[in-house]
Amino acid sequence: MDPAYLLDLFAQFGPVRIRRMFGMQGLFAGERMIGFAGDDALYLKTDETTRGAYEAEGCAPFVYRKATGEEIAMSYYRIPDRLFDDPDELAEWARKAETVAAQTAHRQAQTARRAQAPGWRSGFPVSCSTSAKLAMAAPKRQTGTQPAKW
């Protein structure tokens, strides 16, 4: 799609930046990618809370085909064709995609922070021996007159 056309299409939404990516055009709101455009299709980011609206309109996800032939459906769904003629509603859908992109970025940042926490790997201190890790992971014995429950 023509970049000038995309900028005009998203004018009701607000400023978007277009960046060439993998033979397509990535659509960015600030630093977050909210969608992308191919030759004849426009895709916006979805999650479990927004995907139903796309599916109800008969829209499909973008499917990436690996060199092995394996197909992977991504979280970007093609927008309904009617949105090309309704910039106000397209802006609403784009705002939802922006919210999804922000939430996804937040979750990814939390996961990265946990993975990089000093001294911890797989939930155990790095200094722990294998036997200590097994002992920490083992179910605790109950004490008292009750039979032990494992």
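This report describes the sheet and the nonpolar cores of a predicted model.

## Basis of the description

The model is predicted: local features need pLDDT of at least 70, side-chain atom pairs count only at pLDDT 80 or more, and totals for chains, interfaces and linings use all residues. Residues are numbered from 1 along each chain as its sequence is written, and side-chain values use heavy atoms, with hydrogens and water left out.

## The sheet

Six strands, given as 6 in the order β1-β2-β3-β4-β6-β5, form an open sheet with antiparallel pairing. Strands are DSSP runs of E of at least two residues, and helices are runs of H or I of at least four, numbered from the N terminus; two strands pair if DSSP finds at least two bridges between them.

At the edges lie β1 (17-21) and β5 (61-65), each pairing on one side only. Neighbouring strands are turned by 40 degrees against each other on average, direction ignored, with axes fitted to C-alpha atoms and angles running from 0 to 180 degrees between N-to-C directions. The antiparallel strands β1 and β2 are joined by 5 bridges; Arg-19 has Gly-26 in β2 as its bridge partner.

## The nonpolar cores

A nonpolar core is a set of buried Ala, Val, Leu, Ile, Met, Phe, Trp, Tyr and Cys residues joined through side-chain atoms within 4.5 Å, where buried means under 20% relative accessible area (1.4 Å probe, protein chains only). The largest has 22 residues, and those with the most contacts inside it include Phe-10, Leu-44 and Ile-79. Helix α3 (87-115) is among the elements supplying at least two residues, and its 6 residues are the largest share. Another core, of 8 residues, lies apart and includes Met-21 and Tyr-76.

Conventions: Buried < 20%, exposed > 50% of the residue type's maximum accessible area, 1.4 Å probe, protein only.
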